[in-house]
Amino acid sequence: MDRGSPVPLYFQLSQQLESAIERGRLAPGSLLGNEIDLAGRLGLSRPTVRQAIQSLVDKGLLVRRRGIGTQVVHSQVKRPMELSSLYDDLEAAGQRPATQVLRQDVEEATAEVAAALAVPEGTEVLLVERLRLAHGEPMAHMRNHLPADLISPKAAELETTGLYRLLRGAGVTLHSARQTVGARVADAAEAQLLAEDEGAPLLTMQRTTYDDTGRAVEYGSHLYRASRYSFDFQLLVRP
């Protein structure tokens, strides 16, 4: 703690605790101990510790349980806006990613998919539909369409690694992507799949990824739990 900083001590503590949760140093289920013990160990006043903990309770990262103490619930994943796989981002953040393959089929491209992949409508494309989990909890529902001749991944591969890693392993050089981020509420089926209440806020993302020749190699349409997930942007001033 920097006692000479103009940043309040409670905020410094809450930021350090949040960082530890996000990086997996404080895993879901971990106990922080009571406020008196924390205050004594850190050399802070009890009101300062209480205010720091309350700010993380308000964010949904901690919960106070009677007879147990203050417990870590989960961390919110803050994903950088980069051309990367959610699996790799979760793994790097210590979030223990897992995948359930819901569907893997060759189907005819709809008008939306055909436009994204720059192929005629009705062209056969590969659909990969997955549920991504972190620490055993649903995080995202992902639907990805790819040219049918690009890769033929096995379900076991999709369960244990990211799609972009499989593409790179097949010799595809990912170069750039166009991405749109939005939001809407969950319908009944989506809420059940993502362990949310019907009407809960969801983040949406559509992404078309291109290789180094300019060919569209993947079109993704994903849903994320807004309670567990956010996008991080870095903005630069235009010269």
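Buried means under 20% relative accessible area, exposed means over 50%, and partly exposed is in between, using a 1.4 Å probe and protein chains only. This is a predicted model, where local features need pLDDT of at least 70, side-chain atom pairs count only at pLDDT 80 or more, and totals for chains, interfaces and linings use all residues. Residues are numbered from 1 along each chain as its sequence is written, and side-chain values use heavy atoms, leaving out hydrogens and water.

**Exercise 1.** Work out where Ala 195 sits and whether it is buried, partly exposed or exposed.

*Solution.* Start with the place: Ala 195 is in the loop between helix H8 (188-194) and strand E8 (201-211). Helices (H or I, at least four residues) and strands (E, at least two) are DSSP runs, numbered from the N terminus. Next, take the relative accessible area of Ala 195, 48%, so this residue is partly exposed. Now look at the backbone: phi of Ala 195 is near 60°, a positive value. Most residues other than glycine have a negative phi.

**Exercise 2.** Find what Val 72 touches beyond its neighbours within four places in sequence.

*Solution.* Val 72 belongs to strand E2 (residues 69-72). With a relative accessible area of 3%, Val 72 is buried. Its contacts (heavy atoms within 4.5 Å) include Ile 21, Leu 26, Pro 28 and Leu 61. Finally, check Ile 21: 51 residues from Val 72 in sequence, but 7.6 Å away in space, C-alpha to C-alpha.
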